[in-house]
Amino acid sequence: MKLSLFVLAQLFVSFGTTGHVLHHTPAERARLVEDALPNDNRVAAGRMVGGVLRLELEAREVLWYAEGKPGPAIPNYAFAEAGKPATVPGPMIRVPAGTEILATVRNRLSVPLRFRGFQDHTGTPLDTTIIAPDSTQTFRFRADVAGTYYYFARTEAPIRLLSPGSTRDAALTGAFIVDPAGAKPSSNDRVLVINVWSDTASSLGVKPEALRWQMRRETLGSANWFTITVNGLSWPHTERLSYAVGDTVHWRVINANPITHPMHLHGFYFDVDARGSLARDTMYTAAQRRKAVTEPLAAGATMAMTWVPTRPGNWLFHCHFVQHIDAALRLTAPTGPAVHDPSAHGNHAEQGMAGLVTGIHVAPAKGATLAGDPRPRRKLRLFVTQRANVYGDQPGLSYVLQEGPTAPAADSVRIPSSTIFLRHKEPTEITVINRSKQVASVHWHGIELESFYDGVGDWSGWGTRIAPAIAPGDSFVVHLTPERAGTFIYHSHTNEELQLSSGLFGTLIVLPEKGMRDTTERVFLFGIGGPHDDALPTVNGLRTPTPVEIRAGVPHRFRLINISPLETRIVRLVADSVPKEWRALAKDGADLPEAQATMRPARVVIAPGETFDFEVLRQRPESLALEVESAQTIAFRSAFRASGGARGRAPRIVTNIPVVVR
């Protein structure tokens with residue numbers, strides 16, 4: 001017998017919940033639509049009464065201004081405290097461990113609400129409570145387990161309730177933070193909630209071609225708009241976080257949406273303190289913590305991180321999927337030059353990016369003066385070059401390092417770009433000369449350096465000393481002194497979807513201070529072979545990589561680097577399809593703690609913006625293969641979707657690189 005959703009809502013009552021029905025006429029419901037405010041997650045919701053946190057939430061119909069007012073309004077659902085404005089994300093719950101919570105959730109929508117997240121986090125599966133229209137559910141529980149959690153609701157079919165939504169439900173989320181008992185959060189302890197909205201919206205007008213071209217890699221329907229927010233706002237409208245040199249910064253990042261985001265911090269390493277989900281959080285011990293500059297957050301995942309800014313300047317924290325930070329995501333067209341005009345001289349930071357970007361201002365320590373650049377002991381010249389028709393009718397781009405007294409020709413494209421070797425603690429000057437026809441930049445990904453040289457045009461720097469993007473025919477001098485040896489990347493931070501696909505990326509290896517180049521290393525640089533829809537994944541610039549030789553009985557360092565625009569890779573070292581073992585050495589150029597530098601199955605998932613180092617030691621001659629699994633081409637994925645295939649379910653490409661042990 002089939003029951004109506006209303007009857008199911010009355011039957012589906014979890015332990016500790018009660019329900020009752022409220023009534024509104026259609027005219028009354030129409031008056032309930034309101035403007036939602038962005039929520040910076042600084043103020044906890046509810047009130048303490050007799051040691052119990054009492055909280056009254058409401059789900060309402062709202063207009064969401066992801067680009068602030070007077071920007072476009074997105075019709076959506078959102079949460080609010082009773083008697084207060086609705087917010088995106090919803091009101092933050094923040095309590096010390098051991099707090100009893102008495103919460104009511106009132107559904108003021110015209111559709112049933114499927115709600116999750118209001119119960120303890122002791123390891124038992126989280127329940128789903130269905131709240132009928134005009135009904136209220138009461139939840140009473142004790143928050144005993146410290147961690148970073150969230151709550152959310154969906155209005156679609158229950159089968160899709162594994163993670164928060166991305167259409168009308170995109171804003172039905174809120175942070176739920178349980179602090180250790182007795183701990184008091186500092187002013188530098190912030191909560192960042194990521195929401196994704198993707199839906200049709202005729203009120204937004206005609207979608208610009210730039211957005212249609214940009215989002216084709218996501219294989220979204222041509223009618224869909226797409227925007228990503230941090231605490232309810234999309235860059236450049238997101239809050240600018242301000243700190244001073246020496247501050248200890250603690251963030252809790254909540255990926256409250258159904259899409260993965262590899263989150264990258266410019267200029268500094270951060271410690272990964274905890275990883276979790278809606279249901280549970282794992283706080284790492286000192287031995288379990290590791291450093292990173294890019295950390296992927298899967299759909300519904302959470303992360304706690306700590307970092308200390310040691311140099312002043314403007315910095316960024318953003319998703320490393322280039323589709324998620326491009327200006328084409330804007331619901332309103334930016335003013336100034338065209339978004340994807342290769343020769344445009346507009347402000348890259350303010351006009352060339354949007355979406356999942358947070359700006360950070362780090363002020364000098366009180367009374368400190370900015371030091372000048374150290375005198376370089378080594379000088380390099382790096383050219384941005386361009387050659388016509390490398391990828392069909394599209395040009396190829398590359399960074400070419402000058403070797404010898406003669407500069408490379410303007411059209412001497414190298415795929416992949418030149419590998420740059422620097423040395424730990426050696427002050428180095430790199431003059432970047434742009435001989436291409438496009439505005440260019442170089443971001444020294446993972447390198448700890450002064451903000452002015454970080455490579456984000458019209459943003460990097462401090463005060464009145466802001467670095468421009470590099471115009472065609474112009475140059476820019478970079479000063480850096482690497483603070484550690486390891487595996488890094490350098491790449492474009494301008495018009496990234498086009499320039500990364502066309503070759504503006506390369507390997508950057510920092511050698512030990514007094515060590516020589518490692519003849520046992522093998523570099524595997526993962527990219528995409530061009531900007532067109534049929535472009536295949538590449539390894540070291542090749543669609544069919546050449547075999548690799550290693551010696552038996554000798555440890556070899558495999559340096560794995562992913563700088564694809566969107567495509568996460570799965571890498572395995574196998575023999576006859578059977579996984580072998582390797583020893584983990586480093587992540588993002590930082591050596592792993594001794595307790596984590598262990599032997600493990602030779603398999604790693606590597607997102608764009610990540611690097612991994614592994615030691616491979618084989619004791620006898622044999623034939624192995626490095627399998628690199630990647631998403632299919634854009635054309636294949638689009639055809640698969642058009643034929644009815646589920647998004648993300650298309651067959652994948654596996655590239656086999658022979659590894660011969662001599």
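Strand β24 (residues 313-319) and strand β25 (residues 357-363) run antiparallel and are joined by 6 bridges; strands are DSSP runs of E with at least two residues, numbered from the N terminus, and two of them pair if DSSP finds at least two bridges between them. In this pairing glycine 313 stands opposite valine 362 of β25. The structure is a predicted model, in which local features need pLDDT of at least 70 and side-chain atom pairs count only at pLDDT 80 or more, whereas totals for chains, interfaces and linings use all residues. Residues are numbered from 1 along each chain as its sequence is written, and side-chain values use heavy atoms, with hydrogens and water left out.

Both strands belong to an open sheet of 5 strands with mixed pairing, in the order β16-β25-β24-β18-β22. Because β16 (241-244) and β22 (294-297) stand at the edges with a single partner strand each, one side of each is left without a neighbour in the sheet.

In the protein chain, buried residues make up 59% of the 662 residues. The C-alpha trace spans about 80 × 65 × 55 Å along its principal axes.

How values were computed. Helices (H or I, at least four residues) and strands (E, at least two) are DSSP runs, numbered from the N terminus. Buried means under 20% relative accessible area, exposed over 50%, partly exposed in between (1.4 Å probe, protein chains only).
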